[in-house]
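Open the model in your viewer and keep the selection panel at hand. We will go stop by stop.

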Amino acid sequence: MPDALAQPRGPTDRAQPEEMSRLGLTMYRLSLWLQSPRPYLMVVGFALFLGFWYLAVEVWRLPRFKEMPGITTVIKEWLSPNPTYGLSFHTAEYYQHIGMSIWRVAQAFFLATVLGVPFGLFLGWSRKFKEYVFPVFELLRPIPILAWVPLAIVMFIATESAIVFLAFLASFFATALNTMLGVESLDESYTRAASCLGAGKWQVFRHVILPGALPFIFTGLQISIGVSWFSLVAAEMVSGQYGLGYVINTSYMMVRYPTIVIGMITLGFVGYATSALVRIAGDYLMEWRVRELALAER
Amino acid sequence: MDLRAPEPRGGPAVTRGRILIDDVVKIYDPEGAAVMAVDHCSLDIAAGEICMIVGPSGCGKTTLLNAIAGFHDITSGTILLDGEVLCSKDKPKAEPGPDRIVVFQNGALFPWKTNLDNVVFGPVMQGKLGRREAVDKGRAMMADAGLAGVELNYPGEVSSGMRRRVEIVRALMNDPKVLLLDEPYRALDSLTKSVMHEALLEIYYRNKVTIFFITHDLEEAIFLGHKVAIMTTRPCKPKKVLTVDIPHPRDYGVLTSKRFRELIEETNDAVHEEALKAFQAGEKEG
Amino acid sequence: MAASRLNRILTSSVFWRGVASIVVFLVLWELGARSKQWMAPEFFDPFKSLLGAMGFKKDYLPWIGVVPAPSAVLASWTEVLTSAGYWTSWYKSFFRVMGGFIAAMIVGIPFGLALAVSRTAYGTFFPTFEVLRPIPPLAWVPASIIFWPTQELSITFVTFLGAFYTIVINVLGGARSIDQRYFQAAQSMGSSRWDIFRRVILPGTLPSIVIGSAVGMGITWEVVVAAEMISGGGSQAAGTGGGLGFFIWNSYVGGSYEQIVVGMISIGIAGYFSSELLRTLGKYATPWLKVR
């Protein structure tokens, strides 16, 4: 049987996961991870990738690769207190750009969640509402976010609002859709049981639908923040004055190649961190799910 | 065939929870495919009685249960609870309520609430008990059912047998007239099942409610029930109704008793016949 | 048969409610877009001052007031339908999408399956994959332009990236969720490793591949449009770029707002139809899922 698909085997003589506190649970899962070959394979994987980058660009100078910024150049630039192209860990500008992008994503994500989750919940809960509203929603959704750029620029007087709007739009569609699916895929036995037990409509909503759909909602939120970054970067590349997308674009225009890579890696890191934050928030709110999954991993 | 049941033995008589199913018909999609699920079914269940409904998968027994519970409507006929109309031709759908609580096939304990929170859900939502009193009562009932110690666990953390019991306690907290059980032990292994049967009986002896129990297991039916109704394949109606005259309180010793074996002999043919018909018709799991 | 189905759709209230809502949407849009006209009379002066006080332009409704009306868009569209440039844009975008998408399938599916089947491969390559994944595909555009010799290839590469991540994740998820019992059944019937791969893993993963492709297709369109705008729009060289993204950008630069909306809707339609096509193909590939 294929290795990766076999059930993982864990130690059996430890304290049972259901007796652990939240922190204990995390430490337990961490210890399991460290004892497996996984961390070491991971290092090998990174080494292969970075090694190839180094060799291809700087040592072997392969045909297309030699134009690219090499890994040593990038790292030197990134760490230098006086960078040739103006951006490194030591310059204030670097953090300005990061902060700008994060601030924009935060606004977009916040608005999208605050508007998208109730909208999605309502779509899932009320069939009538869905029949009236969903067709228009589905009509607008396939339009790629970037196709909205010129329209957004025309609609919003300030470029800043246009950029946030674009990130918001992408996020909103993802959040609303996933929330709706979460409500719809909830086993109807739960709502039936609740009405048997005498719960009124709002009680059912608060105690059954909302917590029941929460796992789906959080998956949607993780997708949504990814999509938000995607749109933000695109919008920043096309217009705008600060931000990581802007950095990447202008670095290219001004032939500052190492900075492009710095921008890309920073984006990757920040994107991952924000996504992880959402996931952690979800884990915190849904302890029952974490425990259920931990039990299944045994 | 006398549809009236004798008084259930083993405790004071119960006066509420009498269900009268009178000539009920249920047709799905009347203007389209017109599938008849229930065909002029009549059944009289006495107050406080355990009535077992046995039949092959997909025959329509769950439809009956759903009609009583208020999840589906009926096409014609009447269902009465203690003389009051639950649903009829003029009022095809009953209102779900805490007087008839369902225990679902795959379990419907809320996974995001602790066992205790699940158990006190009913009274707290209806405003019948304050949180404090509900918790006290809940703990007591759980202890009675052998569930002391798992109050603060989540349903996902305890065994499926325990989950069933928690669900039953959750229902009983509301002092219902009727408990509707839809093949609750179907997913359990037979060892756990036999223990669950005794547990259920014990809970029943303490809280007299009418029990409407759907199963496909004839032995389970005769072991638990006062009355066993064997249903035909779809569309369903009672093919044979049996009164089980083994006295309550019962224990697993009953399973090897002579009377038990006799009753199985009487009914086995009827059940097997319907099962064969269903098999040939290729019924999907209902 | 088909006639009765059509009949059922036409008589269902669900259908008409949907139609009603779209009509209402279009009407509101039309009204909003024409706000300059109906807001002209003095009757609206206090309302206009309120708008001004809130920081918006006073003569029309905020946001919707500058958007071209559906009627204007329709007019523009009928014009554009006869111009060759419009249809070349369609086909150029379409080719880029197909190129990137097919490349993503060819590389992504085997890669995903390899990760699913071999624990070592997963442990080695998945972390790197996960680290690269949060970098938005568009951030790769400049790097891609530097690396690839032609603009076409660079756009296709970025498109490829967009779909690649999605497909791999879906394939992985699908392969892992195959019920253990299928493996056990195959082994008990004496299958070799290769057999198991061919007859259990591959078909078992097919539904996820289909879903991954449909989603990946949507992402591909997003990326293509963006890439076209950025690379085609950034450089002012005539004749380069092309494609619907470039069409939109060009319309913006040329001041024809109606055409912008025409372009937007066109892409929406294109994206929707490609996803639907994939879903239908997928249904043929996985007939066993039709039941229930």
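Predicted model: local features only at pLDDT ≥ 70, side-chain atom pairs only at ≥ 80, totals over all residues.

Residues are numbered from 1 along each chain as its sequence is written, while chains are lettered from A and ligands numbered from 1 in the order in which they are written.

**Chains A and C.** Select both. Here 52 residues of chain A are in contact with 53 residues of chain C (contact: C-beta atoms, placed from the backbone, within 7 Å). On the chain A side, H11(A) gives the largest share, nine residues.

**The largest nonpolar core.** Next, pick A:Trp148, A:Leu166, A:Ala167, A:Val233, C:Leu138 and C:Met229; of the 127 residues in this core, they touch the most other members. A nonpolar core joins buried Ala, Val, Leu, Ile, Met, Phe, Trp, Tyr and Cys residues through C-beta atoms within 7 Å; buried means 20 or more other C-beta atoms within 10 Å of a residue's own, with C-beta atoms placed from the backbone. Helix H7 (residues 159–184) of chain A supplies the largest share, 16 residues. Another core, of 93 residues, lies apart; A:Tyr190 and B:Cys59 are among them.

**The sheet in chain B.** Now show four strands. They form an open antiparallel sheet, ordered E2-E1-E4-E5; strands pair if DSSP finds at least two bridges between them. Seven bridges join E1 (residues 19–28) to E2(B). B:Leu20 stands opposite B:Asp44 in E2(B).

Note on methods: Buried ≥ 20, exposed ≤ 12 C-beta atoms within 10 Å, placed from the backbone. Helix = DSSP H or I, 4+ residues; strand = E, 2+ residues; numbered from the N terminus. Contact = placed C-beta atoms within 7 Å.
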